[in-house]
Amino acid sequence: MKVALVGNPNTGKSTLFNVLTGLNQKIGNFPGVTVDKKTGFCDLPDGRRAEIIDLPGTYSLYPKSRDESIVFSVLADKANPLRPDLVVVILDASNLKRNLLLYTQVADLKLPVIVALNMMDLAKKSGITIDVNAFAQKLGVPVVPISARKIEGIDQLKSAISYANKVALQEDTIDVESLAPQLIAHISREIEVENPYYALQLAHQHETLKFLSPVQSDRIEELEQEFSFHSQKAQATETIARYSFINDLLYDTVTKNETAQEENISNKIDKILTHRVFGFVIFFAILIFIFQSIFAWSAYPMELIGDFFVWAQTSLHRVLPAGPLVNLVVDGVMGGLSGVMVFIPQIAILFGFISILEDTGYMSRVTFMMDRLMRKVGLNGKSVVPLIGGFACAVPSIMSTRTIENWKDRMITIMVTPLVTCSARLPIYTLLIALVVPNRNIWWVFNLQGLVLTGMYLFSLVSAVTVAFAMKFLLKARERGYFIMELPVYRMPRWKNVGQDMYNRAKAFVLQAGKVIVAVSVILWVLASYGPGDRFERIEQKYKQSQYTQQMSTNDLHRAVASEKLENSYAGVLGHTIEPVIKPLGFDWKIGIALITSFAAREVFVGTMATIYSVEGDAEKMESVQQKMATAKNPDGQPVFTVAVAFSLMMFYAFAMQCASTVAVVYRETKNWRWPASQFVYMTGLAYIVSFITYHLLR
Amino acid sequence: MFSLSIKNMRLSQLEVGETGIVKEFTDLEMSVKLMEMGCLPGEQITVSRVAPLGDPIAIHVSGYQLSLRRKEASTIILQ
């Protein structure tokens with residue numbers, strides 16, 4: 001049995017979904033739109049299992065955006081495997097009037113429907129009394145009062161679901177046919193429709209409905225012309241008629257005692273949180289807190305995960321026989337997996353915060369305050385959180401852009417977030433700055449190195465905003481942007497919800513983006529671990545000779561071998577091949593190798609440099625690499641890492657798209673390779689240009 | 001406080017704390033969305049506050065708090 005959950009945003013729909021399905025949830029895709037498909041299973045009292053689908057929250061079946069259009073598609077498309085046998089409409093008992101609009105539309109589609117009257121506890125507190133029986137009688141459908149947050153009434157709801165009728169018994173709420181009598185009659189005759197309102201909806205939405213054939217859609221258009229059907233006018237008339245029904249219904253069944261207490265408290269909070277000055281101060285304080293937390297709280301778990309994989313890899317190598325297949329699995333695949341799992345703490349933490357911000361209602365205030373500023377550069381008020389999150393890591397930040405409903409704003413945010421200085425770039429900047437910027441103070445208090453680093457951070461933010469501004473003109477808006485947004489009453493966050501959100505997001509990332517990341521890591525691993533012909537064997541033979549084994553320690557031998565192998569690997573060959581292209585930027589083939597390996601993940605740069613220069617080192621231990629790099633000389637005796645080269649390299653890393661995880665996540669969020677591909681091209685192109693300019697300016 | 005001074009005043013012209021009654025709309029497409037959110041002809045609308053940067057505004061209507069941009073608010077004509 002398939003059950004769809006339908007309702008306005010902010011009515012506790014997701015909480016109800018979580019309560020009904022527990023951890024038996026799956027996040028999937030709807031073709032063509034970016035909103036998630038959330039499905040899950042629920043055990044009913046009569047022993048059956050119901051598949052529950054959580055449809056996106058919407059105020060009406062007439063969509064304001066592509067994502068909202070999914071709701072009608074799922075309910076109306078007979079061929080859709082998700083088409084529900086029963087619809088549960090969730091209403092916020094303390095705000096019935098507007099909530100009922102969607103209900104009347106769904107009811108008139110003559111789908112079997114049940115009403116879940118949620119937030120009964122809040123309604124009571126606001127002095128609202130509902131005569132549930134009279135309400136149910138007038139509507140002609142089962143009405144179950146519940147409180148999803150307190151888990152009250154859920155069993156009754158499950159019973160109502162199992163005993164629900166297979167056929168809709170409710171009457172029309174409004175006189176549907178009178179809205180466009182001839183049009184409806186003709187459509188009903190010519191196309192297989194189930195009832196008059198279904199025909200009317202086809203007329204309104206036929207251009208975007210995928211289950212109508214072009215022939216049918218054209219025919220409907222013809223009929224609309226013939227009968228002078230004006231979609232907007234008809235919608236307006238219909239909406240007014242529906243509210244008339246709703247007002248009558250509420251007049252007879254609902255009584256309200258005094259003005260809602262909750263609202264007054266909410267108002268007082270808003271006075272502070274959206275205050276001209278304090279509003280921003282508080283907001284930025286919260287942002288900094290979130291950002292710091294992602295950094296600080298994820299560091300330890302990330303280390304643990306990294307260490308676990310290293311331990312697992314060494315153990316496996318000890319136990320399993322040596323050979324290329326074992327190496328592929330243990331070093332290549334597991335290495336890639338390690339790279340995926342290591343993101344989980346950051347994703348979980350960021351989404352934990354976002355879940356709290358949204359649950360409490362604060363997120364809508366953020367949009368309210370920041371909208372004007374962000375709109376000027378082609379972004380959305382809700383773009384702030386992903387942008388700031390990008391200072392820690394672009395991966396969870398891009399995933400969090402799902403909160404931005406406007407398609408164009410969301411795309412621009414996704415495209416520019418990786419420009420912001422993420423934590424992976426930090427070791428590279430630290431290393432290169434320490435190499436060429438003197439460690440002294442200017443103007444007494446400002447450390448020169450620290451200033452340059454801060455400069456890099458600020459510069460990244462400026463470039464993100466600038467590119468966003470440019471994209472504002474380049475991208476065409478797909479739909480008319482509506483800002484109209486509800487400011488829900490403030491609520492305490494539902495912690496169980498928050499936890500479930502964190503779990504689901506992390507799981508979705510690992511299962512979906514994870515595949516791409518592992519694939520890319522394996523490819524790059526192969527490139528770096530294998531070389532053409534028999535070069536590798538010859539290198540090993542060379543270092544077995546006594547002149548080396550007698551003079552060098554085992555560690556030094558290992559590193560020398562590793563270094564020569566890397567230079568002679570496919571990656572090394574590539575490095576040589578691209579040298580003419582990167583020479584104008586001041587880079588040699590050794591840096592070229594590092595650039596190639598960094599395309600998996602930026603921080604790999606330090607490790608690669610260490611290997612090339614035959615020293616021990618990674619993102620954490622940089623002293624030996626730094627020393628070696630400082631004294632590295634060109635064939636003609638000149639130092640490799642001059643100020644020009646170092647800054648040019650930093651600029652390259654600032655702009656280039658060198659993160660397989662970001663690419664994977666952008667693909668997942670946009671469901672199309674066009675976006676990550678163009679992002680890769682524009683960013684790397686920009687990197688080349690800026691790097692070129694920097695190198696020649698500073699030479 | 002009701003603003004009866006100017007005929008056909010727009011919602012975007014109300015000050016914080018002032019109330020008006022919805023009369024009609026200038027933009028048909030927008031009007032449907034506004035009505036779906038509760039802004040029906042005959043309903044009282046009160047301006048609760050303004051965003052720190054002047055836009056958007058927060059209004060109280062039909063028991064809800066909505067926020068909308070001034071441009072959107074200007075499509076609502078008050079009695």
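This is a predicted model: local features need pLDDT of at least 70, side-chain atom pairs count only at pLDDT 80 or more; totals for chains, interfaces and linings use all residues.
Trainee: Which residues of H30(A) are buried?

Mentor: Residues are numbered from 1 along each chain as its sequence is written, while chains are lettered from A and ligands numbered from 1 in the order in which they are written. A residue is buried if 20 or more other C-beta atoms, placed from the backbone, lie within 10 Å of its own, exposed if 12 or fewer, and partly exposed in between. In H30(A), the buried residues are A:Ala660, A:Ser661, A:Thr662, A:Val663, A:Ala664, A:Val665, A:Val666, A:Arg668 and A:Glu669.

Trainee: Against which helices do the buried residues of H30(A) pack?

Mentor: Helices (H or I, at least four residues) and strands (E, at least two) are DSSP runs, numbered from the N terminus. H30(A) spans residues 660-670 and is mostly covered, with 9 of its 11 residues buried. Contact requires C-beta atoms, placed from the backbone, to lie within 7 Å. The packing partners, in chain A, are H17 (394-399), H18 (407-416), H21 (495-529) and H31 (674-698).

Trainee: What percentage of the residues in chain A is buried?

Mentor: Chain A holds 31 helices and 12 strands, and its C-alpha atoms fill a box of roughly 95 × 60 × 50 Å along the principal axes. Among its contacts between residues at least 6 apart in sequence, 72% join residues at least 24 apart. Of the 699 residues in chain A, the buried share is 46%.

Trainee: Which element of chain A gives the largest share of the side that touches chain B?

Mentor: The predictor gives the complex an ipTM of 0.90 and a pTM of 0.79. In the interface, 32 residues of chain A are in contact with 29 residues of chain B. Elements that each supply at least two residues of the chain A side include helix H3 (96-108) and strand S12 (485-486). The largest share, 7 residues, comes from H10(A).

Trainee: Which residue of chain B does A:Glu486 stand opposite?

Mentor: Strands pair if DSSP finds at least two bridges between them. S12(A) and strand S4 (residues 64-68) of chain B pair in the antiparallel sense over 2 bridges. In S4(B), the residue opposite A:Glu486 is B:Leu66.

Methods
Two residues are in contact if their C-beta atoms, placed from the backbone, lie within 7 Å.
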